[in-house]
Amino acid sequence: MSFDALFYPKAVVVIGSQSAGKLGNVLLKQIIKGRYEGNLYAVNPKGQGYENVPGFQSVESIGKKVDLAIIAAPAATIPGVLDDCGKGGVGAAVVITSGFSEMGNHEGEKQVLEAARRNGIRIVGPNCAGIVCTSHKLYPTLEIHPPEGGVALISQSGALGGVVLAWAEEQGLGMSKFVSYGNGIDLNQVELLRYLKDDPETSVIALYIESIKDGREFMEALQDAASAKPVVVIKAGRTNVGQRATASHTGSMAGSDNVYEAAFKQSGAVRVNTIEEMIDLCTTFIACKSMDGDRVVIVTNSGGPGVLAADRGEEVGMDMAEVSPEMIDTLKTFLPPFCGFKNPVDLTVEGTEEGYRKTLVTLLEAYDAAIAMNICPPYLDASSHAKGVADAFDIMGKPVLANFLPNQVVADSVKYLKEHGIPNFPSGERAIETLARLSDYHKRKRIIKEHGGFSEVWQKLQSKIAGQTSKLPGGERILEPEAMGWLRDLGIPVPEFRFANDEAQAIDDCESIGFPCVMKVVSPQIIHKSEFGGVIVGIKNRDEAAKAFQTIRKRAEGKDFRGVVIYPQIKGAQEVLLGLSVDPQFGPVVVFGLGGIYTELFKDISIRVAPVNHHQAMEMIRETKSVKLLQGFRGAAASDLDMLADTIVRFSEIPFLYPEIKEADLNPIFVLPDRLMVGDVRIIK
């Protein structure tokens with residue numbers, strides 16, 4: 001669609017009662033207050049206008065083309081209202097009215113969408129708080145009027161959007177557009193992201209979501225937008241209350257919010273958890289167009305706050321490297337000898353305008369960003385210090401954030417800093433946390449450009465498999481020997497194994513495999529074999545093999561006992577987990593982490609929406625704490641991480657070849673310096 005009718009209409013009609021206090025009247029007043037310069041009309045059964053805005057009983061009776069309709073009529077009347085809008089040439093409608101799917105009225109919502117489609121009208125809403133386009137002086141919204149600027153806000157919640165707009169006005173953060181899309185029956189995050197990606201008035205996109213319908217389509221639109229400009233996301237519902245019961249380790253750990261977190265990362269968006277963080281980051285993205293690394297220096301006039309900020313910087317992954325001896329020599333040519341020359345660089349209370357300017361200019365030759373702190377006592381004026389900081393920012397063009405305090409002393413200085421494009425933060429810790437996210441966005445953007453993101457990997461796999469799928473082996477529940485043979489055929493390394501359904505065969509198979517060996521129960525009714533006592537290790541001879549079979553068979557009494565599977569015993573290996581789960585929004589996801597019996601205890605995992613490429617698989621491995629074990633902890637031999645990453649890639653493609661898979665665990669996978677092999681497998685259809 002063309003979004004001109006939505007954001008740049010030449011004529012707008014407000015449909016709804018114009019009686020005092022009614023939503024229709026409130027919305028019309030909002031548009032008038034914003035000084036909209038196009039033609040403006042009111043439509044309601046009484047044909048009532050307001051002030052200089054003429055009233056009509058229908059859109060058709062206006063007799064002139066109308067681009068945008070703002071609808072606040074009763075829910076039951078909306079389909080008929082849209083039919084009337086169609087006769088008036090309306091191209092887009094914002095349906096403020098509630099009382100639809102959010103209250104269980106799905107049929108009414110369906111009728112609204114059908115009416116919109118038969119009349120060629122695109123819909124925002126229903127159950128929304130309106131839209132804003134500041135450059136067009138268009139404010140048909142129930143929320144506050146934000147100042148004009150470069151941030152566009154897409155919000156599923158009207159109230160949350162209103163809070164962000166209010167904070168933006170308070171902080172002086174300019175907005176280009178605001179869309180509260182409510183129930184999102186037509187226009188939603190996906191199309192809005194695609195539009196805002198190319199919108200010249202928008203430099204940063206802020207996004208609040210509660211849920212999405214098609215996770216993969218959303219990720220492709222999100223990556224496309226984030227490749228062009230920063231996208232800052234708040235996702236509601238981070239906790240998993242009443243998490244569903246699952247039969248696999250993977251299913252129990254791959255909670256919905258973990259999948260969203262992975263989706264944002266793979267798409268290059270930056271996730272925040274609070275409105276405060278969103279405002280901080282949007283403000284910083286507007287001020288700082290790029291950040292080429294993660295080396296940060298702090299220049300302060302007070303040691304304690306500077307050290308706290310530096311500590312936080314290290315905690316969030318910034319490189320707080322000390323100032324080099326050569327650079328210290330340079331600083332000493334213009335700073336007093338009593339200054340602190342490490343990182344933070346402490347100018348002390350005797351810091352000057354020239355001291356801030358020269359120090360920042362010098363240090364930004366070697367650092368990627370700086371935080372300028374000034375804790376100003378009431379007997380001093382920080383205005384000159386602010387000028388020094390602003391000058392250094394102009395000269396070097398690298399990110400500089402400020403922490404000037406207390407507010408009642410430095411108000412004029414903070415105003416000066418903001419006028420010169422330098423955000424001021426209430427603490428050095430908040431400033432450095434924001435820099436960490438700024439750095440992460442630009443790093444992620446470079447990685448996706450070089451190695452590909454979700455979109456490239458997903459499209460490549462779709463082309464590769466071309467819709468061809470296969471059936472899983474076995475019956476309703478796949479037994480371990482069947483699953484092991486299936487993995488082997490797919491190129492996933494498995495150890496030599498034997499299946500035996502009687503004692504004599506089990507004894508011979510143990511000897512054939514070689515002692516010591518491992519024997520495991522095979523039963524469609526026994527899922528967690530170790531917990532059931534269905535795994536016996538360290539079998540050294542034929543007598544022990546006989547005893548092991550008898551023990552397992554006895555423990556399986558009352559169950560559907562099919563036999564045992566026998567493997568050689570693997571020694572000296574690290575154990576990891578590799579799993580698959582199907583998320584309702586995003587489809588198959590792949591999980592990597594610490595394996596063995598401690599999987600669910602430590603939950604040291606990394607998640608991605610499947611499929612992944614080799615670089616993404618290596619990222620998954622390196623994100624876990626247990627990677628140190630794989631890299632050779634305390635003199636142990638390092639594992640072949642490239643081989644492990646290749647296995648993750650291959651495994652992540654499997655659910656698209658075998659769509660019957662609902663959950664899958666390879667746990668443990670034994671990882672050795674020169675090879676790896678699956679120690680146990682569970683496939684759930």
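A residue is called buried when its relative accessible area is under 20%, exposed when it is over 50%, and partly exposed in between, with a 1.4 Å probe and protein chains only. The model is predicted, so that local features need pLDDT of at least 70 and side-chain atom pairs count only at pLDDT 80 or more, while totals for chains, interfaces and linings use all residues. Residues are numbered from 1 along each chain as its sequence is written, and side-chain values use heavy atoms, with hydrogens and water left out.

Helices (H or I, at least four residues) and strands (E, at least two) are DSSP runs, numbered from the N terminus.

**Backbone geometry**

Arg-35 has a phi near 65°, a positive value in a residue other than glycine, and is found in the loop between helix H2 (23–33) and strand S2 (39–43). Its relative accessibility is 65%, and Arg-35 therefore counts as exposed. Lys-137 also has a positive phi, near 55°, and lies in the loop between strand S7 (130–133) and strand S8 (148–155); with a relative accessible area of 34%, Lys-137 is partly exposed.

**Aromatic rings**

A pair of aromatic rings is described by the distance of the centres and the angle of the planes. Rings of Phe, Tyr and Trp (its six-membered ring) pair if their centres lie within 6.5 Å, and planes under 30 degrees apart count as stacked, over 60 as edge-to-face and the rest as tilted. A search of the whole structure finds 12 aromatic pairs. In one of them, the ring centres of Phe-3 and Phe-7 are 6.1 Å apart and the planes stand at 15°, so this pair is stacked. Phe-3 counts as buried at 7% relative accessibility, and Phe-7 counts as buried at 1%.

Trp-486 and Tyr-658 form an edge-to-face pair, with 5.2 Å from centre to centre and 85° between the planes. This pair links distant parts of the chain, since Trp-486 belongs to helix H18 (residues 480–489) and Tyr-658 to the loop between helix H25 (641–657) and strand S25 (663–671), 172 residues apart. Trp-486 is buried at 7% relative accessibility, and Tyr-658 is buried at 11%.

Ring pairs also link Phe-3, Phe-7 and Tyr-195 into a cluster. A charge sits over a ring if NZ of Lys or CZ of Arg is within 6 Å of the ring centre and within 35 degrees of the ring normal. The charged end of Lys-177 sits over the ring of Phe-7, 5.5 Å from its centre, and Arg-295 lies over the face of Tyr-367, at 4.7 Å from the ring centre.

**Helix H19**

Which residues are buried in helix H19 (residues 503–513)? They are Ala-506, Ile-507, Asp-509, Cys-510 and Ile-513. These residues cover an arc of only 165° around the axis, which puts them on the same side of H19; the arc is that of the directions from the helix axis to the C-beta atoms. H19 is followed by Gly-514, whose phi is positive, near 110°.
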